[in-house]
Amino acid sequence: MDSVLLLFYVGAAALGIATGAVETFEPVLTSYLVRSGDLSGGMGLLSMSRALGLFVSNIIMGVIFTADQPDSYLYACITAVLGAGILVLTERWLHRQKTLSADFRSKASSEP
């Protein structure tokens with residue numbers, strides 16, 4: 001098999017996994033970061049930022065695609081994996097903050 005074709009398949013698989021992670025983590029993180037009273041506005045802001053991000057990234061991918069097709073998919077793969085990585089790190093940070101906050105509250109309530 002041609003190495004460019006293999007790179008295309010690996011990139012497409014990574015792109016799919018990363019996009020799935022982004023689609024899952026974004027709403028979850030928004031629900032954690034936005035107060036419950038402002039949740040509908042937060043989700044609306046998430047939808048708007050997704051639309052703008054897709055618009056810009058599709059323009060960039062189209063420009064790269066006119067120069068070299070495999071490079072455009074490499075760009076998409078790299079940006080999706082970076083986005084998923086950022087969201088995973090943010091999720092871990094939020095979980096850690098929540099755990100530290102719960103530990104602090106339990107220690108404060110157990111002290112005389």
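What I like here is where the partners come from. Arg50 belongs to helix 2 and Glu23 to helix 1, so the bridge links distant parts of the chain, 27 residues apart. Keep in mind that this is a predicted model.

Arg50 has a relative accessibility of 25%, so we call it partly exposed, because the buried label needs a value under 20%. Glu23 is partly exposed too, with a relative accessible area of 43%.

How many salt bridges does the structure hold? The count is 2. The other pair is Asp38 with Arg35, whose side chains meet at 2.6 Å, N to O. Asp38 comes out as partly exposed at 37%. Arg35 is at 63%, so it goes down as exposed, because that label starts over 50%.

Now let's zoom out to the helices themselves. The chain has 3 helices and 0 strands, and reading from the N terminus you get α-α-α. Helix 1 and helix 2 pack at an angle of about 145°, and their axes are 9 Å apart. On the helix 1 side, the contact uses Val22, Glu23, Glu26, Pro27, Thr30 and Ser31. On the helix 2 side, you'll find Leu39, Gly42, Met43, Leu46 and Arg50.

Which residues make the nonpolar surface patch? They are Leu5, Phe8, Tyr9, Phe65 and Tyr73, and together they cover about 440 Å². Helix 1, which spans residues 3-33, gives the largest share of the patch, with 3 residues. Phe65 comes from helix 2, which runs over residues 39-67. Phe65 has a relative accessible area of 34%, so it counts as partly exposed.

Last bit, the whole chain. There are 112 residues, and buried ones make up 15% of them. The chain exposes about 8200 Å², with carbon and sulfur atoms supplying 69% of that. And if you take the contacts with a separation of 6 or more, 59% of them are between residues 24 or more positions apart.

Technical notes
Residues numbered from 1 in each chain as written. Predicted model: local features only at pLDDT ≥ 70, side-chain atom pairs only at ≥ 80, totals over all residues. Heavy atoms only, no water. Helix = DSSP H or I, 4+ residues; strand = E, 2+ residues; numbered from the N terminus. Buried < 20%, exposed > 50% of the residue type's maximum accessible area, 1.4 Å probe, protein only. Contact = heavy atoms within 4.5 Å. Areas by Shrake-Rupley, 256 points an atom, 1.4 Å probe, with all protein chains shown as cover. Patch = residues over 30% accessible without salt bridge, like charges linked within 9 Å, V, L, I, M, F, W, Y side chains within 5 Å. Salt bridge = Lys/Arg side-chain N within 4 Å of Asp/Glu carboxyl O. Axes fitted to C-alpha atoms, helices over the stretch in contact; angles between N-to-C directions.
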